[in-house]
Amino acid sequence: MKKSFIPIFYLLLVMLVSCQKELSQEQGNIPAEGSLQQVGGDCLPHTVNGTFVAGTALTSTNTLQVTVNVTKTGRYEILTDTVNGYFFRAAGLFTALGTNQVTLVGNGTPFVSRTDNFIVSFDSTFCNLQVDVSQLGVGTLNGAPNTCAPIIVNGAYSPGVALTTNNNAVVQINVTTAGSLAVSTDTVDGIWFAGSAVFSTGAAQNMTLAARGSIAPTATTGTKTFRVRLGASNCTFTVPFLGPAAGTLNCTTPIFNGAYTANLAMNGSNTVQLAANVTGTGAYSITTDTVNGVWFSASGNFSAAGAAIFTVGGNGLPINQGTFTYTLRWGTNTCTFQIAYSPALSNDYYPRTANSSWSYENDDDPLDSVYVTAITPTLTANANVFNIFMSDDGLPAGLDSAGYYRKNGGDYFEWINLEDYGADDPVWMEYIMLKDNVPANTNWKTPAAGVTIAVSGTPTKIRFSNTVLQKDVSVALTTSGAATPITYNNVIVVEQKVETEILPGVWQDVSTLFGSGKSYYARGIGLIKFELSSIIGNFTQELRRYQVF
């Protein structure tokens with residue numbers, strides 16, 4: 001059985017406000033050229049930094065980091081539209097061709113809490129980014145007004161030894177009003193701790209405060225007391241300052257953990273285990289340079305002399321595939337190791353690359369399945385180029401047409417014939433079937449005027465209503481042959497319903513008669529599940545295997 005997905009039409013008009021800035025002759029007046037997109041239209045790696053709170057002005061920590069493939073050096077200006085009272089902008093000079101990372105600084109004050117959709121533009125290209133704005137929360141520190149309890153201090157602290165991302169303190173907070181909360185300490189011997197995050201209501205919730213600043217070489221060792229504050233609530237905790245450790249590094253037998261893939265952000269699983277010969281006990285801070293958008297770091301305490309094992313954690317977002325060399329530094333001592341990054345996973349929620357294939361199981365029946373593949377030839381229709389999908393359900397054996405698809409930005413289109421859906425005559429049209437750049441609860445109907453088809457000789461105007469029920473959630477599926485459920489991450493769930501025009505301009509949901517569907521799309525994989533509900537019965541199709549090129 002072949003599942004055909006009915007997409008939807010959507011029109012988005014965006015007006016970008018641009019401004020020009022005169023650059024001196026020394027900086028150059030030639031505009032740079034390049035793209036924010038990969039081949040195929042997907043956005044290059046990008047991240048959103050900082051906490052965004054309604055009614056709170058943005059600071060230098062509220063940024064967008066985007067990647068640009070520069071094809072011509074020169075001055076640049078990269079900016080977004082203004083949404084919900086704020087925008088992002090960066091200007092400067094590109095001096096090198098190839099991939100460059102640019103940080104756009106936020107300006108303005110968000111009006112209300114919600115998910116905002118921004119369009120970032122450079123040269124003739126653009127990308128869609130989402131920023132979550134929360135409301136201001138209310139809470140107290142667990143243990144206030146006396147000693148914070150409990151608290152975990154991570155990393156080692158020593159005069160003259162640089163802090164890393166491993167240096168932090170985990171405090172507990174009691175949240176009475178859900179929203180964004182900011183916590184910080186006073187400054188002691190040049191360092192302080194600070195953090196912000198969005199919380200739901202509840203007691204004894206963990207919050208991580210990053211250590212910031214630097215401990216001067218002239219600072220004394222010993223136990224230091226920090227006072228931490230959340231609004232009017234405050235309490236204290238202690239941090240031991242140790243003398244610096246000494247020794248040499250050994251990178252000859254690194255042990256790598258985690259996946260290393262272009263455009264896949266580093267997380268807690270990305271670590272490298274290395275060796276050291278400790279000649280003097282104490283605190284250590286070991287880091288690498290930043291290569292391909294990634295760096296590694298570790299801090300801690302070597303309590304015994306001799307051979308020691310330590311682990312550096314990965315940070316950042318890999319830009320390109322390939323093998324890159326990292327230089328590890330501990331004081332004046334260095335060594336190197338290499339990491340090979342595999343090609344980037346597709347960001348598409350409906351990949352269309354030639355020879356990609358998927359196998360689905362129907363209604364949990366291991367003997368009832370369908371094979372779907374994307375072929376190399378394309379179809380040009382309605383002035384657009386569509387990728388052709390073919391399927392084989394074994395009845396009879398052999399490939400048959402399974403649809404025509406294309407993508408533009410975050411919109412996925414299907415070119416369909418409504419004759420396959422009850423029309424008496426062929427009626428071809430293009431619909432947006434999926435949007436990957438909108439938040440949950442977004443609805444779109446297409447076309448606005450509906451399409452008139454002849455159902456059993458009676459002219460009927462219909463349209464399709466789609467709603468994003470969930471965005472970037474995890475979904476577990478169990479099919480025959482799988483001992484345990486397979487969990488797919490970054491899944492968008494879209495519900496499709498049918499509407500008819502019962503009076504001019506008056507539309508009615510007729511899904512109870514004609515049925516409704518739910519499609520589950522996983523990023524980099526495609527359709528993983530489809531559910532059809534109708535008065536004549538239900539149907540479920542689940543992914544058994546896939547291969548995406």
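Cys251 is buried, and Cys335 is too; buried here means under 20% relative accessible area, with exposed over 50% and partly exposed in between (1.4 Å probe, protein chains only). Keep in mind that this is a predicted model, where local features need pLDDT of at least 70, side-chain atom pairs count only at pLDDT 80 or more, and totals for chains, interfaces and linings use all residues. Residues are numbered from 1 along each chain as its sequence is written, and side-chain values use heavy atoms, leaving out hydrogens and water.

Back to those cysteines. Cys251 and Cys335 are joined by a disulfide, S to S 1.8 Å (the cut-off is a pair of cysteine sulfur atoms within 2.5 Å). Their link is right-handed, with 45° about the S-S bond. Cys251 sits in strand E18 (residues 246–257) and Cys335 in strand E24 (residues 333–341), so the pair ties together parts 84 residues apart in sequence. Strands, by the way, are DSSP runs of at least two residues (E), numbered from the N terminus.

Cys148 counts as buried because its relative accessibility is 7%, and Cys235 is buried at 0%.

Asp368 is in strand E26 (residues 365–381), and it counts as partly exposed because its relative accessibility is 30%.

How values were computed
Helix = DSSP H or I, 4+ residues; strand = E, 2+ residues; numbered from the N terminus.
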